[in-house]
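Visitor: Could you walk me through this one? I'm new to it and would like to ask as we go.

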Amino acid sequence: MVRSPEAFKWYEVLRSGPTGAALTLHLPEPAKTPVKLRNVIGLLRGSDRVLSHTYVLVTAHYDHLGMRPEGSGDRIYNGANDDGSGTVSVIEIAKALASLQPRPRRSIVFMAFFGEEEGTLGSLYYARHPVFPIEKTVADVNLEQVGRTDATDGSKVSQVTVTGYDYSDLPRMFRLAGASTGVRVFSDRPYGASFFARSDNASLASQGVPAHTLAVAFDFPDYHKVSDDWRKIDYDNMARVDRMVALGIMMVADNPQPPKWNEADAKTEPYVKAWKEHHKQ
Ligand SMILES: [Zn+2]
């Protein structure tokens, strides 16, 4: 798109309809500025001698869209719901679980990913350069958009949906946690399947780790706009959701049986294959 005032003057002298006029543009090469980004990781070591060598990931992405290059008024993409809500939930859940005595049996890894909005870059990097062995990583619980209850398709108070709900038995553990904390955990068909592949959980799933995204609202009025602002977060509901998630994570961390892919669902085939690759012999 050509926006300069000189170019506009040029268009204005042209008559409407086809023209034989030729336009020559001299544009500089696109500039690349390398930046160093990091996934941020916290570890709560498990209390069980054996299970502490296995890991449950709790993740969310800390990037958003940066700044609008031009225009008046607010130009900052705050990303309060997407995904400030997920990131602060990871921190709050970490704080709560770290205070437990005894600690959960498996180790729990709390991680904030970079670059989700640029194509899940941070989680893809982690999946290829894991800090904790992939074959010892039993689950990834990824949090996205857990702050807003005013979804485009109605109120989502006390509701959480899990993407790829039937792909593994992990979502059902969260449904049990929801039953004891007053949160309805359910499968949002038909979106749940398409959103499964659209967030950071997919990077871990591609390595065979049962990995899902938990969200309150997939679509909300300020999605990817500068108006995705902290004032619009439903904090009471987010606290209730975080209690449910924390309980679900404790259940996964204390259960000697790790979550399993549902092999009866054909859509899990690539994930099951990857899981088997990592668990040979
Ligand atoms: Zn997001």
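Guide: What follows is a conversation about the structure shown above.

Visitor: What kind of model is this, and how are the residues numbered?

Guide: This is a predicted model, in which local features need pLDDT of at least 70 and side-chain atom pairs count only at pLDDT 80 or more, while totals for chains, interfaces and linings use all residues. Residues are numbered from 1 along each chain as its sequence is written, and side-chain values use heavy atoms, with hydrogens and water left out.

Visitor: How many helices and strands does the chain have?

Guide: The chain has 8 helices and 9 strands, where helices (H or I, at least four residues) and strands (E, at least two) are DSSP runs numbered from the N terminus. Taken along the principal axes, the C-alpha atoms fill a box of roughly 80 × 45 × 35 Å.

Visitor: What share of the chain is buried?

Guide: Of the 281 residues in the chain, 47% are buried; here buried means under 20% relative accessible area, exposed means over 50%, and partly exposed is in between, using a 1.4 Å probe and protein chains only.

Visitor: In what order do the strands of the sheet come?

Guide: The order is S1-S3-S2-S4-S9-S7-S8, in an open sheet of 7 strands with mixed pairing, and two strands count as paired if DSSP finds at least two bridges between them. Strand S1 (40-44) and strand S8 (184-186) are the edge strands, each pairing on one side only. From one strand to the next, the twist averages 20°.

Visitor: How do S4 and S9 run, parallel or antiparallel?

Guide: Strand S4 (residues 137-143) and strand S9 (residues 211-215) run parallel and are joined by 4 bridges. Leu 143 has Leu 214 in S9 as its bridge partner.

Visitor: Which helix packs on the sheet there?

Guide: Helix H3 (residues 121-128) packs on the sheet, touching S1, strand S2 (55-61) and strand S3 (107-113), and its direction makes about 140° with that of S3. Such angles run from 0 to 180 degrees between N-to-C directions, with axes fitted to C-alpha atoms, for helices over the stretch in contact, and contact means heavy atoms within 4.5 Å.

Visitor: Which residues of H3 are buried?

Guide: The buried residues of H3 are Gly 122, Ser 123, Tyr 126 and Ala 127. They lie on the same side of H3, because they cover an arc of only 135° around the axis, an arc taken from the directions from the helix axis to the C-beta atoms. Their cover includes S1, S2, S3 and helix H6 (201-205).

Visitor: And Gly 115, where is that?

Guide: Gly 115 is in the loop between S3 and H3, and it counts as buried because its relative accessibility is 7%. Not counting residues up to four places away in sequence, Gly 115 touches Asp 63, Thr 120, Leu 121 and Gly 122.

Visitor: Changing topic, which residues are the protein donors of the zinc ion?

Guide: They are His 61 (NE2), Asp 82 (OD) and Glu 144 (OE), lying 1.9 to 2.1 Å from the zinc ion. Donors are N, O and S atoms within 2.8 Å of the metal (3.2 Å for Na, K and Ca), and water is not among the atoms, so sites may look incomplete. His 61 in strand S2 and Glu 144 in the loop between S4 and strand S5 (150-151) are 83 residues apart, a pair that links distant parts of the chain. Both His 61 and Glu 144 are buried.

Visitor: What about the largest nonpolar core?

Guide: The largest nonpolar core has 36 residues, and those with the most contacts inside it include Phe 110, Phe 174 and Leu 214; such a core is a set of buried Ala, Val, Leu, Ile, Met, Phe, Trp, Tyr and Cys residues joined through side-chain atoms within 4.5 Å. Among the elements that each supply at least two residues of this core are helix H2 (80-98), helix H4 (170-181) and helix H7 (235-254). H7 gives the most, with 8 residues. A second, separate core of 17 residues includes Leu 57, Ile 134, Tyr 167 and Ala 205.

Visitor: Last one: is Asp 166 buried or partly exposed?

Guide: Asp 166 is partly exposed, with a relative accessible area of 28%, and lies in the loop between S7 and H4.
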